Amino acid sequence: MYRVMIVDDEQMVRQGLQRLIDWEAYGFQVVQTAANGQEALQWQRRQHFDLVVTDLKMPLMDGVELVRQLSLAGERCRIIIVSAYGEFSYAQAVMQYGVQYYLLKPISEEVLCGYLSRIAEELDACAEPEPAPDAPQDKRFEHLYRLSANGVIAEILRYISDHYSEPLTLNLLARLYSFSPVYLGRLFKKETGVSFNEYLNSFRIRAAVEYLDAGTYMVYEIAEKVGYRDINYFYKCFKAIAGTTPGEYKNRKG
């Protein structure tokens, strides 16, 4: 098993990362955690770790300085940087030390597992990965960042699919996923091509159409089932998206 150390100043994050996936299924074992870069360096001097997963912003010593110190000490461990969306430019400081893996908070299990698979292959081969000849280091870093952003949006889309009947707002999701509403709104539109409200209304109206096709519920009941508490707003959204009113659609199907 390859040895892993998780570094984050929040205990809940450290514990959450340990429970997020089945590390052993990818050939890894979390053998140590640390609350900041200073503590992580002390552990690294006592024992070897094959992989260090570290937050960026921490007290006493942040992730950038930790990576720098590990590089100066000649450590050959792989490193995964964990960062909030707004810290991308700050995270670029670690690129000069060969860091190639970047996770965006909230952490996507899919992206993390993909990284672990690749790192395990690298360690098995006992060779450092070479950058693609036509892809400069900064471009590769941006690509990894994009994968992480995609993971976040994928999680949010799944959340919408599971909770569309409940009161949902961009502010609520921003709190759930530790973003500012402005950042999340921009990221959502950049990744999906539509705004959050446009996506949510389209999803709800598609669900409403399915209920209408089933013919089991009255229109006002369907509006509530797909998350609309204001029947007039439901009619407005339905007309704008479906091109007809719920009643007209129902009669046409009948």
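Trainee: Which residues have the most contacts inside the largest nonpolar core?

Mentor: This is a predicted model, in which local features need pLDDT of at least 70 and side-chain atom pairs count only at pLDDT 80 or more, while totals for chains, interfaces and linings use all residues. Residues are numbered from 1 along each chain as its sequence is written, and side-chain values use heavy atoms, with hydrogens and water left out. A nonpolar core is a set of buried Ala, Val, Leu, Ile, Met, Phe, Trp, Tyr and Cys residues joined through side-chain atoms within 4.5 Å, where buried means under 20% relative accessible area, exposed over 50% and partly exposed in between, with a 1.4 Å probe and protein chains only. The largest such core has 52 residues, and those with the most contacts inside it are Val-7, Ile-79, Ile-81, Ile-156, Ile-160, Phe-234 and Phe-238.

Trainee: Which helix contributes the largest share of this core?

Mentor: Helices (H or I, at least four residues) and strands (E, at least two) are DSSP runs, numbered from the N terminus. The largest share of the core amounts to nine residues, and they come from helix 9 (residues 196–214).

Trainee: Which residues of strand 5 are buried on its two faces?

Mentor: Strand 5 (residues 101–104) runs parallel to strand 4 (residues 78–83), and four bridges join them, with Tyr-101 as the bridge partner of Ile-80.

Trainee: Is Asp-8 buried or exposed?

Mentor: Asp-8 lies in the loop between strand 1 (2–7) and helix 1 (11–20). Leaving aside neighbours within four places in sequence, Asp-8 is in contact (heavy atoms within 4.5 Å) with Val-13, Arg-14, Ala-34, Ala-35, Asp-55, Met-58 and Lys-105. With a relative accessibility of 2%, Asp-8 counts as buried.

Trainee: What is the relative accessible area of Leu-60?

Mentor: Leu-60 is placed in the loop between strand 3 (51–55) and helix 3 (63–72), and its phi is positive, about 70°, although it is not a glycine. Leu-60 is exposed, and its relative accessible area is 69%.

Trainee: Why do the buried residues of helix 2 lie on the same side, and what arc do they cover?

Mentor: In helix 2 (residues 37–46) the buried residues are Gly-37, Ala-40, Leu-41 and Gln-44. They lie on the same side of helix 2 because the arc they cover around the axis, taken from the directions from the helix axis to the C-beta atoms, is only 100°.

Trainee: Which elements do these buried residues of helix 2 pack against?

Mentor: At the start of helix 2, a side-chain oxygen of Asn-36 reaches to within 3.0 Å of the backbone nitrogen of Gln-38. The buried residues of helix 2 pack against strand 1, strand 2 (28–34), strand 3 and helix 3.

Trainee: Which residue caps the N-terminal end of helix 3?

Mentor: The buried residues of helix 3 are Gly-63, Val-64, Leu-66, Val-67 and Leu-70, and they are on the same side of helix 3 because they cover an arc of only 165° around the axis. Helix 3 is followed by Gly-74, which has a positive phi near 80°. At the N-terminal end, a side-chain oxygen lies 3.3 Å from the backbone nitrogen of Val-64, and the capping residue is Asp-62.

Trainee: How many disulfides does a search of the whole structure find?

Mentor: Cys-77 is buried at a relative accessible area of 10%, and Cys-237 is buried at 7%. For disulfides, defined as pairs of cysteine sulfur atoms within 2.5 Å, a search of the whole structure gives a count of zero.

Key: Two strands pair if DSSP finds at least two bridges between them. A polar contact is a pair of N or O atoms within 3.5 Å; within protein, one must be able to donate a hydrogen and the other to accept it, and residues adjacent in sequence count only if both atoms are side-chain atoms.
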